[in-house]
Amino acid sequence: MLTLESINKIVTNKLESIHFHESAQEAAKKMKHKDISSLLVINESDVHIGIVTEKDLVSKVCIQNKKSTEVLVNDIMSSPLVYIEYKATLEEAAKKMVDNKIQHLLVKNADSLVGILTTTDLSTYLRQNIDLDEINASILESLMKQEKTG
């Protein structure tokens, strides 16, 4: 059975960033080199001002037929950033991601940024920890009850 575990079990602690004045091409190269799907965008004072994701690159550069060398990260980043506390449950994190229509959720411990949680992290955790036999049995039981009453 899936428990309401804390996100600290699956959060990725390594965060990568890129300056807002860099090109979309530089962002794509850095993501490819680091094998990641997002970069935190920082300003000249190294303050986090947004996030650029693979989805941003595809929807705001590629399908718009723009030159990736001419598009600035600042122009395609998503902002404001969405955060959750380190001790939040997986259920709370998933709800926040759905409610905000995001696939990357920043994780804070008090005022300190400690990591990022992605939909890939969540799905990997669920695939490894969920008991599908129990869920399937529950679904079948529900269907059988509906059939008897209907």
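Q: Hi! How many salt bridges does a search of the whole structure find?
A: The search finds six salt bridges, a salt bridge being a side-chain nitrogen of Lys or Arg within 4 Å of a carboxyl oxygen of Asp or Glu. Keep in mind that this is a predicted model, where local features need pLDDT of at least 70 and side-chain atom pairs count only at pLDDT 80 or more, while totals for chains, interfaces and linings use all residues. Residues are numbered from 1 along each chain as its sequence is written, and side-chain values use heavy atoms, with hydrogens and water left out.

Q: Fine. Which residue forms a salt bridge with K14?
A: K14 pairs with E16, and their closest N and O atoms are 3.6 Å apart.

Q: Are those two buried or exposed?
A: K14 is exposed, with a relative accessible area of 59%, whereas E16 counts as buried at 16%. The cut-offs are under 20% relative accessible area for buried, over 50% for exposed and partly exposed in between, using a 1.4 Å probe and protein chains only.

Q: What about E26 and K29, how far apart are the N and O there?
A: The side chains of E26 and K29 meet in a salt bridge at 4.0 Å, N to O. E26 and K29 are three residues apart in helix α1, so about one helical turn separates them. E26 is partly exposed at 34% relative accessibility, and K29 is partly exposed too, at 47%.

Q: Switching to helices: at what angle do α1 and α2 pack?
A: Helix α1 (residues 24-34) and helix α2 (residues 54-62) pack at about 145 degrees, with their axes 10 Å apart. Those axes are lines fitted to C-alpha atoms, for helices over the stretch in contact, and angles run from 0 to 180 degrees between N-to-C directions. As for the element names, helices (H or I, at least four residues) and strands (E, at least two) are DSSP runs numbered from the N terminus.

Q: Which residues make that contact?
A: On α1 they are A24, A28 and M31, and on α2 they are E54, L57 and V61. Contact here means heavy atoms within 4.5 Å. By class, the contact has five nonpolar, no polar and one charged residues. Ala, Val, Leu, Ile, Met, Phe, Trp, Tyr, Cys and Pro count as nonpolar, Asp, Glu, Lys and Arg as charged, and the others, Gly among them, as polar.

Q: Where is T53 found?
A: T53 is found in strand β3 (residues 48-53). T53 counts as buried because its relative accessibility is 9%. Leaving aside neighbours within four places in sequence, T53 is in contact with M31, S37, S38 and H104.

Q: Now sheets. In what order do the three strands run in the open sheet?
A: The order is β4-β5-β6, with mixed pairing. The edge strands, each pairing on one side only, are β4 (83-85) and β6 (112-118). From one strand to the next, the twist averages 35 degrees. Two strands pair if DSSP finds at least two bridges between them.

Q: In what sense do β4 and β5 pair?
A: β4 and β5 (residues 104-109) pair in the parallel sense over three bridges. Within that pair, I84 stands opposite V107 in β5.

Q: What is the phi of D35, then?
A: Phi of D35 is near 55 degrees, a positive value in a residue other than glycine. D35 lies in the loop between α1 and β2 (38-42), and D35 is exposed at 69% relative accessibility. N65 also has a positive phi, about 60 degrees, although N65 is not a glycine. N65 is in the loop between α2 and α3 and counts as exposed at 72%.
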